[in-house]
Structure formats: structure tokens, C-alpha cells
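Student: I am new to reading protein models, and I would like to go through one with you, feature by feature.

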Amino acid sequence: MAYKKQGRSKCQGCSRWKDQNGLLCRRCASLKTKFHVEPRDAHNLYRQQYGLCAICRKPPSATRALATDHDHTTHKIRGFLCTSCNMGLGYFPTLELLQEAAKYLLTEPPEMRYIEKRGRIKLTDDEIQSV
């Protein structure tokens, strides 16, 4: 049952006030039509994440809600992400490439001597041959 307040009604999916006609707000309607999921189920997942990004655990910014992260093949929702984490994942088209990036970041960099003058790396001849 939708409650009226100043010409507006509450969304039946999330109980937030909405301005447009219909039973669901824009976000809940998108969850239902785009991802074929009941808005209440998605909101339960959101609550399980405590309203935080599933990766960095930060709250959404004041101007952007958390993005609905989903598998682009099956359209199944995985969770909710902040803009930075969602865009970061978007740069890696496959899980294998993302795993390689993580492996790269966890690898200890080689020992190098730096010169102060121009900030460029300078290796000795012996160090070059060992690489």
C-alpha cells in the first residue's frame, strides 16, 4: 500500500519516497527489469554489506550511490561497489587478468639504485647482466 505525502508515494521495494507514478522508485524498477531480482532481495544484500562497498568497505559518497555490481554474462548481482572499485574492476575484462594484476602487485620489486639528479633509474653493468 502506497502512502501519500505531498503528492508523493513510497516505493514498494525500498520504502523511500518517490516522485514519479508507479509502484517502484527508479532504482528498484531497474533492479527488477535489468537484473530480474526482487528489490527486497537486493536491499537485503545491501544491508548485509552494511551499506559499504563490498571491496574497500567505504561508505558511498555524498553524491553517488553504490553501483550494482553484476556479471555481464548472467546479469546476476554480486554486490554493491563504490565508483572507484566498480571502475577499477571494469578495466580487467577477465578474472585471470585481474589475478595477474594482483600477483604483480604482491611481487617484490627488483633492487635498484636511484640517482638523485634527474630521478631516473641507473643500473650498473653487473646489475644489467643479472636481469
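Student: What is the volume of the largest pocket?

Tutor: Please keep in mind that this is a predicted model. The volume of the largest pocket comes to about 430 Å³, and among the 16 residues that line this pocket, those closest to its centre are H70, H72, R78, L89 and F92.

Student: Which element gives the most to the lining of the largest pocket?

Tutor: A lining can be read by asking which elements supply its residues. Here β4, α3 (83–90) and α4 (95–106) each supply at least two residues of the lining, and β4 gives the most, with 4 residues. By type, the lining of the largest pocket divides into 6 nonpolar, 7 polar and 3 charged residues.

Student: Where do these elements fall in the order of the protein chain?

Tutor: The protein chain has 5 helices and 5 strands, and from the N terminus on they follow the order β-β-β-α-α-β-β-α-α-α.

Student: Is D69 buried or exposed?

Tutor: For a single residue, one looks at the relative accessible area, and under 20% counts as buried. D69, which lies in strand β4 (residues 67–70), has a relative accessible area of 9%, and therefore it is buried. Leaving aside its neighbours within four places in sequence, D69 is in contact with K76, I77, R78, G79, F80, L81, N86 and L89. For the protein chain as a whole, 20% of the 131 residues count as buried.

Student: Why do the buried residues of helix α1 line one face of the helix?

Tutor: The general idea is that an α-helix has 3.6 residues a turn, so residues three or four places apart point the same way. In helix α1 (residues 26–35), the buried residues are C28, L31 and F35. Seen down the axis of α1, these buried residues fall within an arc of 85°, and so they line one face of the helix. On the other side of α1, R26 and T33 are exposed.

Notes
Residues numbered from 1 in each chain as written. Predicted model: local features only at pLDDT ≥ 70, side-chain atom pairs only at ≥ 80, totals over all residues. Heavy atoms only, no water. Buried < 20%, exposed > 50% of the residue type's maximum accessible area, 1.4 Å probe, protein only. Contact = heavy atoms within 4.5 Å. Arc of directions from axis to C-beta. 1 Å grid on protein atoms, 1.4 Å probe; cavity = no way out; pocket = protein on both sides within 12 Å on 5 of 7 lines; lining within 4 Å. Points joined across faces, edges and corners; volume = space filled by probe spheres on them. Nonpolar A, V, L, I, M, F, W, Y, C, P; charged D, E, K, R; others polar.
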